[in-house]
Amino acid sequence: MHREHRALDPGRSVDMRLAVRIVAVLALLAGVVFFFQGIGVIPGSFMTGRTEWAVIGAALVAGAGALFWLSSMVGPDGRR
């Protein structure tokens with residue numbers, strides 16, 4: 001297959017969108033854990049009760065939401 005044809009392959013953009021969504025979900029889960037440890041809900045870590053970890057967690061959650069939203073804007077053919 002030529003390089004131009006691979007770039008336009010609909011299956012390839014679906015695979016990329018799935019990979020981005022998996023990364024977004026993992027970042028969301030980490031962000032939630034970081035946030036709740038930062039505010040002291042989840043005990044037992046050096047992060048517990050530390051405001052900076054709550055802020056980092058909130059930023060991860062926001063970034064994961066943005067990634068998920070952006071990945072949903074791309075159609076199956078790789079375009080909007």
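## Ser71 and its contacts

Leaving out neighbours within four places in sequence, Ser71 is in contact with Arg17, Val20 and Arg21, where contact means heavy atoms within 4.5 Å. Ser71 sits in helix 3. Helices here are DSSP runs of H or I with at least four residues, strands are runs of E with at least two, and both are numbered from the N terminus. Is Ser71 buried or exposed? It counts as buried, at 5% relative accessibility. The cut-offs are under 20% relative accessible area for buried, over 50% for exposed, and partly exposed in between, using a 1.4 Å probe and protein chains only.

Before going on, a word on the model: it is predicted, so local features need pLDDT of at least 70 and side-chain atom pairs count only at pLDDT 80 or more, while totals for chains, interfaces and linings use all residues. Residues are numbered from 1 along each chain as its sequence is written, and side-chain values use heavy atoms, with hydrogens and water left out.

## Gln37 meets Met47

Now for Gln37, which is in helix 2 and is buried, with a relative accessible area of 11%. Not counting residues up to four places away in sequence, Gln37 touches Ile42, Ser45, Met47, Thr48, Gly49 and Arg50.

Met47 belongs to the loop between helix 2 and helix 3, and at 7% relative accessibility it's buried. Setting aside neighbours within four places in sequence, Met47 is in contact with Phe34, Gln37, Gly38 and Trp53. Between the C-alpha atoms of Met47 and Phe35, 12 residues apart along the chain, the separation is 9.3 Å.

## A salt bridge

Side chains of opposite charge can pair when their charged atoms come close. Which side chains meet in a salt bridge here? Those of Arg50 and Glu52 do, at 2.6 Å from N to O. The rule asks for a side-chain nitrogen of Lys or Arg within 4 Å of a carboxyl oxygen of Asp or Glu, and the count comes to one salt bridge. Arg50 is partly exposed at 41% relative accessible area, and Glu52 is partly exposed at 37%.

Ile39 lies in the loop between helix 2 (10-38) and helix 3 (51-73), and it's partly exposed at 45% relative accessibility. Together with Leu28, Val32, Val33, Phe36, Val41 and Ile42, Ile39 makes a nonpolar surface patch of about 520 Å². Patch residues have over 30% relative accessible area and no salt bridge; like charges are joined within 9 Å, and nonpolar side chains (Val, Leu, Ile, Met, Phe, Trp, Tyr) within 5 Å. Accessible areas come from the Shrake-Rupley method with a 1.4 Å probe, and for residues only the protein chains shown count as cover.
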